[in-house]
Amino acid sequence: MTLESTETGRATLADLFTPVDLGALRVPNRFAMAPMTREFSPEGTVTDEVISYYARRAAAGVGLLITEGVYVSEDSGPSIRVPRLFGEPQLEAWKRLVEAVHAEGGLIAPQLWHLGAERGDHPQYNSDLPTLSPSGLSSSGKTRGRAATIAELERIRDDFARAAAAAKAAGFDAVELHGAHGYLLDQFLWEGTNRREDSYGGSLEARTRFPAEVAAAVRAAVGPEMPVIFRFSQWKSGDYTARIAKTPAELELLLGALAEAGVSVFHASTRRHWEPAFPEAEGPEAQLGLAGWAKKVTGLPSIAVGSVGLNQAFQVAFQEGGRAETAGLEPLLDQFARGEFDLMAVGRVLLSDPAWVAKVRDGRFGEIRSFHAEDRETLS
Ligand SMILES: Cc1cc2nc3c(=O)[nH]c(=O)nc-3n(C[C@H](O)[C@H](O)[C@H](O)COP(=O)(O)O)c2cc1C
């Protein structure tokens, strides 16, 4: 399917259950599980409960599972309950998790995560280590920690690479770099959080340099075959109006540099997948979502995300009593017919209903459990 096929109209659900190749990796259908932080892993080690949580979703037909954000280093983030991709017990537990997912016929990628300034000033995990970021600024404009030195950046880059190599050794099928939502890699990309005056700050090219160096190190660590996914977003957790690319040309420059460094799939994180990324563009491009633009400017496969099957964007997940009701899949089918994405990631619907993909596949729409914010408290 190409971006030009606009007049073919709507795709069918069956079209979403066709395989797609991410380089050498064949994904059996078009649904991915979006990365969702759960904090059910004491001392950073996934438990049997966490293993079953992912395996259940693999068994129910999710094509590619992307794990919750996973720490790559001792100073990645504040929580002792976020899983880590380093340390012997942690890596042993990941191996069991990957085996369990594979046994159910699933594929899985860990999301490699460093929070940068969002780690905060009072981390529970390794409180004695400094909080490092491009300029010591969070996405809401607060001062947090301090700017990393060049030597510290090299160390963090190597931590990403080591975590990626550990993921490969544990049997994972792909890796995803968390370059979205105002965390470390995105703090470099966005001018609001990157005020550096060295070669890592200033122009968009310079701001892309560190994320590209991380991508290159990760590519070198996993070899040429394994998909390296880069998740990016315009919005930041501290500013939903932020933009890292103000024009398609800027997006091309940014993603092009990452692709050259070794990224092979782009995961465009939006809150509503059907929203146009550059509505001011001329002609049919005006309706393209961010994943559609990523595919167009790089020629690489893309993953879209944002409110699939739900009538409320993801922030309801963090509101007491938050609810999102089931909504139709028409926007998804229209966008797929236009060839805008290869995979669609789904978050909250899979958090509340592990069998969502199987129910959609079998047309059992009436059996779908809609999203309840309190479902975050358990690993159903
Ligand atoms: C509880 C929760 C935790 C999340 N954690 C992460 C995360 O660790 N990494 C990430 O990139 N996005 C995270 N997200 C964002 C989701 O991956 C997804 O982009 C968002 O929920 C929109 O998709 P949805 O509308 O299908 O839920 C999280 C979302 C929720 C609801």
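I take the expected span of a helix as 1.5 Å times one less than its number of residues. The model I am reading is predicted.

**Helix H3**

I checked H3 against that rule. The helix covers residues 150–169, which makes 20 residues. Its first and last C-alpha are 29 Å apart, close to the expected 28 Å. I then listed its buried residues: Glu152, Leu153, Ile156, Asp159, Phe160, Ala161, Ala163, Ala164, Ala166 and Ala167. An α-helix has 3.6 residues a turn, so residues three or four places apart point the same way. Just after H3, I noted a positive phi of about 100° at Gly171.

**Asp342**

I looked up where Asp342 sits and found it in the loop between helix H8 (330–337) and strand E13 (343–346). Is Asp342 buried or exposed? Its relative accessibility is 11%, and because the cut-off for buried is under 20%, Asp342 counts as buried. I next looked for a polar partner: the side chain of Asp342 makes a polar contact with the side chain of Lys295 at 2.9 Å. Setting aside neighbours within four places in sequence, I find Asp342 in contact with Val20, Arg30, Lys295, Pro301, Ser302 and Phe336.

**Aromatic rings**

I counted aromatic pairs and got 16. I opened one of them, Phe232 with Phe266: the centres are 6.2 Å apart and the planes 85° apart, which is edge-to-face. This pair links distant parts of the chain, with Phe232 in strand E9 (residues 228–236) and Phe266 in strand E10 (residues 265–269), 34 residues apart. Phe232 has a relative accessible area of 0% and is therefore buried. Phe266 is buried too, also at 0%. Elsewhere I recorded one aromatic cluster formed by Tyr71, Trp113, Tyr125 and Tyr183.

I also looked for charges over rings. The charged end of Arg209 sits over the ring of Tyr200, 4.4 Å from the ring centre. The charged end of Arg348 sits over the ring of Phe371, at 5.6 Å from the centre.

**Ligand**

How many residues surround the ligand? I get 20, and the closest are Pro35, Thr37, Arg231, Ser307 and Arg348.

A side-chain N or O atom of Thr37 is 2.6 Å from a ligand oxygen. For Arg231, a polar side-chain atom lies 2.7 Å from an oxygen atom of the ligand. Gly69 uses its backbone: an N or O atom there is 3.3 Å from a ligand oxygen.

Conventions. Residues are numbered from 1 along each chain as its sequence is written. This is a predicted model: local features need pLDDT of at least 70, side-chain atom pairs count only at pLDDT 80 or more; totals for chains, interfaces and linings use all residues. Side-chain values use heavy atoms; hydrogens and water are left out. Helices (H or I, at least four residues) and strands (E, at least two) are DSSP runs, numbered from the N terminus. Buried means under 20% relative accessible area, exposed over 50%, partly exposed in between (1.4 Å probe, protein chains only). A polar contact is a pair of N or O atoms within 3.5 Å; within protein, one must be able to donate a hydrogen and the other to accept it, and residues adjacent in sequence count only if both atoms are side-chain atoms. Contact means heavy atoms within 4.5 Å. Rings of Phe, Tyr and Trp (its six-membered ring) pair if their centres lie within 6.5 Å; planes under 30 degrees apart count as stacked, over 60 as edge-to-face and the rest as tilted. A charge sits over a ring if NZ of Lys or CZ of Arg is within 6 Å of the ring centre and within 35 degrees of the ring normal. A residue is near a molecule or strand if one of its heavy atoms lies within 4 Å of it.
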